[in-house]
Amino acid sequence: MFEGKKKWVITIAVLLIGTIILSGCGLNTALKKQEKMTRLTPVDGGVFRFGMISSPSALEPAFLEEINGIEICKELNDGLIRYDPNTLEIKPAIAESWDYSEDKKVITFHIRKDVKFHDGTILKAQDIIDVWNRLAAKDTLSPLAFLLEPIVGFAQVNSGELETISGLKTTDDYTLEVTLKEKNAVFLTSLGHPAVSIYKLEAAKKAGKDFGTPAARPETLIGTGAFKFVKWNADQDIILEKFPDYYGTKAHVDKIIYKIFKDESTAFNEFRAGNLDYVDMVPPGQRQSILKEIPDQILETTTLTTQYIGFNLTKDPFKDNINIRKAIACALDIQSIADTVLEGSSTVSNGPLPDTMPGYNIDLKAPTFDKKKAKEYLALAGYPDGQGLGPIQYAYNYTQENQRVAEAFQAQLKEVGIQIHLKNMEWGSYINAMQSGELQMFRVACVADYPDPDNLLRMLYSKSQWGMNNVTFYSNPEVEGLLTQGLEETDITKRMEIYKKIQELIVEDQPAIWTFSTNYLRIYGDKVHNLKINALDQKDMRSVWLS
Amino acid sequence: MIRFIIWRILQCVPVGLGISMLTFLMLSLVPGDPVTLMLGQHASPQIMNNVRQELGLDLPFFSRYLQYVWNILHGDLGRSYIQHQEVTTMLLDKIPITFNLTLVAMTFAITAGVLIGVLSAVKQGSPWDTFTTGFTLLGISVPSFWLGMILQLIFGVILRILPVSGSGGEGFQLQYYILPGFTLGFASMAIYAGLTRSGMLDVLGQDYIRTARAKGLSKPVVVLKHGLKNALIPVTTHAGMDFASLMGGTVLTEMIFSLPGIGTMLINAVSRRDYPVVQGVTLFLALVFVLVNLLADILYAVLDPRIRYD
């Protein structure tokens with residue numbers, strides 16, 4: 001009997017030890033197998049397996065509100081311009097050049113004559129007008145129609161009065177004339193957004209309600225990009241293949257398979273097993289270990305995002321009391337939270353724009369961590385040592401990371417005598433509560449649509465956006481005036497100076513405490529070359545090649 | 001019996017109505033605006049109102065509910081707010097994956113569970129019995145997401161003998177369902193092992209088993225033919241309900257293994273407030289429960305002739 005038990009114990013022990021040794025060795029072997037890149041000449045061919053976390057909602061340009069849909073649509077459809085993958089400068093795409101009229105209100109786009117749709121037909125200027133009319137139409141219900149708002153006649157189409165935008169016309173098959181309501185230095189940049197990219201409208205009409213859904217077929221999703229649509233297996237993968245008749249620099253890889261995951265750890269396991277060439281996100285809590293394990297297969301990108309603690313300027317105690325806002329700003333040690341709680345995954349902000357945005361002002365003097373000053377401001381605000389100041393509510397949308405950051409804020413503010421109550425909220429309710437001005441103090445995160453300072457500054461700090469994107473209800477007539485000036489100024493140097501001044505004014509008014517810009521960690525396989533990711537978090541799939 | 005079956009089928013109608021009412025009510029009470037989630041940060045209040053009108057979300061609760069029931073009666077579960085696809089089409093695409101997963105999990109759970117249960121009953125009090133009792137306890141206690149991750153790591157990443165995730169595209173490819181099936185069925189296996197063990201112990205102590213042994217029948221014949229057949233009745237009845245529970249409980253497993261079944265569909269829809277999809281999936285799962293329950297009752301009557309319903 002004893003002998004029998006002993007055998008069992010030994011067998012189980014051997015199995016357990018074996019599994020542990022095997023897992024250790026196996027992992028190291030799997031990672032060590034990833035040899036360094038050696039070849040430098042681009043090679044054509046191969047299938048790029050892209051690990052994407054969460055499925056795109058739709059591949060319909062009019063509804064591209066999330067990054068995964070944008071990522072795929074920008075490969076399917078080209079716009080009049082594109083952004084340089086490194087510098088984000090405007091580069092020609094479907095339009096090979098453009099001229100401004102003397103009053104800068106009319107832009108004439110010269111369309112390339114060799115742009116083909118994926119069905120082989122040639123793109124003409126009228127195709128662009130048709131697609132833009134659809135985007136602006138009332139029935140389309142597109143939240144992104146605002147991109148065409150600067151064009152004369154947009155409002156009539158958007159309200160359903162008319163069907164065609166009067167400010168758009170063709171002078172011949174390859175010339176498009178766009179008449180703007182006012183001088184607008186941002187409009188051209190905004191045309192790099194995939195929502196205004198060009199696809200074949202007739203095909204989309206044939207698809208009806210299935211356009212851009214998983215039920216889409218190659219005959220109904222016809223674009224102008226370097227890759228054409230093959231198949232969308234809902235919640236599994238989306239397959240694109242190289243378009244051989246593409247007018248521009250042709251892609252190197254033959255096919256891209258966007259494999260869709262719900263869980264980052266699963267995607268990373270697939271990568272470790274050699275089944276993915278790229279993973280879009282690292283599993284939570286594994287950032288540091290991955291940085292150590294595969295440091296030469298990591299791309300870290302700072303995106304055009306801004307995160308801040310917003311103060312509701314219509315509510316006490318923040319209404320008409322800048323000192324309480326400054327007291328909170330001085331009481332928070334944002335850098336230490338970025339280093340510890342966020343494991344270095346974010347860059348600390350000094351103002352309303354991320355440092356990757358053109359026009360970013362590096363010289364801003366936002367209050368920094370200083371407990372003594374915090375107490376002084378608190379006293380100036382009428383709450384010496386926090387006396388008389390009731391608990392302030394801090395709301396955020398629930399994620400583990402937001403929760404941990406909020407707890408750190410709570411602990412640091414307590415040290416100077418400011419009590420905050422944490423309120424985690426479901427996304428929809430949180431947005432509604434912010435927009436309706438119910439909340440006191442809250443977390444805001446915003447991603448830029450295009451690389452121009454006007455985008456974030458207007459959205460978040462202009463009175464015209466009160467109750468929509470401007471949830472602090474901030475307003476400063478000087479800022480409004482400068483925003484208008486910035487919009488109309490066409491000299492780039494003068495323009496950027498205007499935006500630097502706007503940032504200074506906003507920082508002085510302190511409607512918020514700017515916290516972090518997220519740095520994303522992307523993992524790629526050892527056979528992947530020339531993968532470029534811009535600050536809009538878009539990957540240039542034309543340049544990537546596999547060895 | 002036929003009267004019983006018809007009666008039970010008729011009972012499904014108010015149950016279905018009740019379920020549809022409850023899901024509809026609960027979703028209406030959940031905080032959060034689907035239109036805000038759908039349109040994102042840029043939508044103007046005017047566009048939001050237009051979308052609300054288009055989706056009928058501006059109508060009073062009862063009007064919306066009646067419209068919903070009317071559509072269901074016409075076989076229309078609506079369109080997804082997010083992916084703009086017919087919910088019925090989406091369900092028909094996803095059901096085979098969840099069904100396959102459940103089937104693999106059930107096959108594994110019953111086969112392994114019954115085998116372990118029989119062996120530990122036959123070798124009652126032996127180290128094997130102690131080991132399997134501990135193992136079944138482990139089976140019930142281990143969280144499926146942890147088990148799934150460990151299995152992925154060992155069999156997918158290190159040994160590379162099974163796929164880490166996915167369903168392998170079109171058609172049923174068994175290798176893609178082995179790890180998720182094991183993960184999903186592990187807890188059930190422990191329950192089947194426990195049920196079989198106690199059933200077998202009960203049966204093996206009966207007079208007719210002693211008689212069979214006295215007649216000189218071999219041990220395997222006595223255990224498998226005379227013992228197991230009778231010990232399987234509680235296992236069979238449990239299997240019916242278990243199938244429905246597993247089918248509705250695939251959310252985590254499907255998420256870990258990136259299987260595009262109805263669990264993934266449900267979790268996506270809940271997080272995006274995609275009401276038509278949530279309602280469609282919930283209604284479908286509830287109907288599966290009702291039908292499986294009905295089938296289990298009928299099967300029970302067939303297996304045990306002493307049971308009569310009419």
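Author: Two residues are taken to be in contact if their C-beta atoms, placed from the backbone, lie within 7 Å. The model is a predicted one, in which local features need pLDDT of at least 70 and side-chain atom pairs count only at pLDDT 80 or more, while totals for chains, interfaces and linings use all residues. Residues are numbered from 1 along each chain as its sequence is written, and chains are lettered from A and ligands numbered from 1 in the order in which they are written.

Between the two chains, 44 residues of chain A are in contact with 45 residues of chain B. Helices (H or I, at least four residues) and strands (E, at least two) are DSSP runs numbered from the N terminus, and those giving two or more residues to the side of chain A that touches chain B are helix H1 (2–32), strand E10 (255–261), helix H7 (264–272) and helix H13 (427–435) of chain A. H1(A) gives the most, with 9 residues.

A residue is buried if 20 or more other C-beta atoms lie within 10 Å of its own, exposed if 12 or fewer, and partly exposed in between; 9 of the 12 residues of H3(A) are buried, so the helix is largely enclosed by the rest of the structure. Among these buried residues are Ile128(A), Val131(A), Trp132(A) and Leu135(A), together with Asp127(A) and Arg134(A).

What do the buried residues of H3(A) pack against? They pack against strand E5 (106–111), helix H4 (154–158), strand E6 (168–172), strand E7 (175–179) and helix H6 (201–207) of chain A. Strands pair if DSSP finds at least two bridges between them, and E7(A) pairs with both of the other strands: 5 bridges join it to E5(A) in an antiparallel arrangement, and E6(A) runs antiparallel to E7(A) over 4 bridges. E6(A) and E7(A) form a hairpin with 2 residues between them. Glu177(A) in E7(A) stands opposite Thr108(A) and is also the bridge partner of Lys169(A).

A nonpolar core is a set of buried Ala, Val, Leu, Ile, Met, Phe, Trp, Tyr and Cys residues joined through C-beta atoms within 7 Å. The largest such core has 151 residues, and Trp132(A), Leu135(A), Leu148(A), Ile256(A) and Val281(B) touch the most other members. Helix H8 (residues 174–204) of chain B gives the most to this core, with 15 residues. Leaving aside neighbours within four places in sequence, Ile256(A) is in contact with Phe48(A), Phe50(A), Phe227(A), Leu240(A) and Met541(A).
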